[in-house]
Amino acid sequence: PISPPATGETLATMSLIISPDFQHILRILNTNIDGRRKVMFSLCAIGGIGRRFANLICKKAEVDPNKRAGELTQDEVEKLVAIIQNPKQFKVSADPNNDARPSR
């Protein structure tokens, strides 16, 4: 429980400031994405995408990974989807360990 502030102190609370075009749930690649989570972590809800790959996707799409997913514009979502569907076209490796091994 939060105790009341002492005299002369203010109680600081964190809140999510929601813009009029904020989306609480996004539908990306047949997956519901929580709009309140940061983009990098919300992409992890899509099958096959981990934190490292999500971070790479955000960098290639030039999307701030600390931005909330519900604040994404339609253009940003389309960039992310394009990179997820064709990672080699954007020179993003989904499995860097596999690329480093010599082929036999």
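Begin with Asn30, which sits in the loop between β1 (25–28) and β2 (31–34). The model is a predicted one. Display the backbone at this position: phi of Asn30 is near 60°, a positive value in a residue that is not glycine. Most residues other than glycine have a negative phi. Is Asn30 buried or exposed? Asn30 has a relative accessible area of 68% and is exposed, because exposed means over 50%.

Next, select Ala45, in the loop between α1 (39–42) and α2. Its relative accessibility is 42%, so Ala45 counts as partly exposed. Which residues does Ala45 contact once its neighbours within four places in sequence are left aside? Show Thr31, Asn32 and Ile33, with which Ala45 is in contact. Then draw a distance from the C-alpha of Ala45 to the C-alpha of Asp34: the two are eleven residues apart in sequence and 8.7 Å apart in space.

Finally, move to Glu62, placed in the loop between α2 (51–60) and α3 (74–85). What is the phi of Glu62? The angle is near 55°, a positive value, and Glu62 is not a glycine. With the surface still on, check the side chain: Glu62 has 69% relative accessibility and therefore counts as exposed.

Definitions and conventions
Residues numbered from 1 in each chain as written. Predicted model: local features only at pLDDT ≥ 70, side-chain atom pairs only at ≥ 80, totals over all residues. Heavy atoms only, no water. Helix = DSSP H or I, 4+ residues; strand = E, 2+ residues; numbered from the N terminus. Buried < 20%, exposed > 50% of the residue type's maximum accessible area, 1.4 Å probe, protein only. Contact = heavy atoms within 4.5 Å.
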